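Open your viewer and get ready to select a few residues. We will go stop by stop.

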Amino acid sequence: MAHGVTSRLDQTDTSLISGLYPQLRSFASVVAPVHEDPNDLVQEALLRALRRGPLCELEYPKAYLRATIYHLAVSSRRRWATQQRGLVQIAAKVEAPQDPWQVCELLRLAPRARAVLYLHVIEGLPYHEIGGLLGCTAVSARKTASRAKRRLRRLLAEEVDDATA
């Protein structure tokens with residue numbers, strides 16, 4: 001947990017968390033999306049609850065934390081789905097024949113290349129803003145996007161060649 005929160009925990013909250021954690025972890029493992037670590041959901045729920053005040057002051061801390069975990073899981077699932085739709089849109093912009101399942105080819109690109117493509121294609125940012133965000137020049141961002149699109153086209157073409165062979 002964040003240092004500021006742990007320094008404010010009293011003995012009652014510490015024992016309450018210790019007692020509830022295994023049950024909350026089990027619940028989180030059921031509601032968490034596959035890409036999300038259940039421990040992260042529990043930790044985030046605890047942090048949010050503790051920002052409001054001591055857990056012992058909640059009438060039903062277990063119910064409150066379960067509801068928070070559930071809502072965090074739903075939000076995480078929505079964010080993930082939005083990202084996947086964004087990846088499909090990026091893949092469509094590279095002008096290569098492909099199926100939606102081929103979006104995983106984007107993950108074979110370097111993180112910086114994925115970031116540039118996302119920021120430019122999905123968010124519509126100009127290259128000078130992308131450069132500012134990523135700590136490079138506009139020219140470098142443009143080159144990164146160009147190289148990433150070229151590599152993605154090549155990867156997708158290899159997939160098509162492998163599928164037809």
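Start by selecting Arg66 and Phe27: the charged end of Arg66 sits over the ring of Phe27, 5.7 Å from the ring's centre. Here "over" requires NZ of Lys or CZ of Arg within 6 Å of the ring centre and within 35 degrees of the ring normal.

A note before moving on: this is a predicted model, where local features need pLDDT of at least 70 and side-chain atom pairs pLDDT 80 or more, while totals for chains, interfaces and linings use all residues. Residues are numbered from 1 along each chain as its sequence is written, and side-chain values use heavy atoms, leaving out hydrogens and water.

Next, select helix H2 (residues 11–31) and helix H3 (residues 38–52), whose axes come within 9 Å and cross at roughly 135°. Helices are DSSP runs of H or I with at least four residues, numbered from the N terminus. Axes are lines fitted to C-alpha atoms over the stretch in contact, and angles run from 0 to 180 degrees between N-to-C directions.

Which residues make the contact (heavy atoms within 4.5 Å)? Among them are Ile17, Tyr21 and Leu24 of H2 and Leu41, Val42 and Leu46 of H3.

Last stop: helix H5 (residues 111–122) packs against helix H6 (residues 127–134) at about 140°, with axes 10 Å apart. That makes H5 oblique to H6. Show the side chains where Arg112, Ala115, Val116, Leu119 and His120 in H5 meet Tyr127, Ile130, Leu133 and Leu134 in H6.

Terms used. Helices (H or I, at least four residues) and strands (E, at least two) are DSSP runs, numbered from the N terminus. Contact means heavy atoms within 4.5 Å. Angles under 35 degrees count as roughly parallel, over 145 as roughly antiparallel, 65 to 115 as roughly perpendicular and the rest as oblique.
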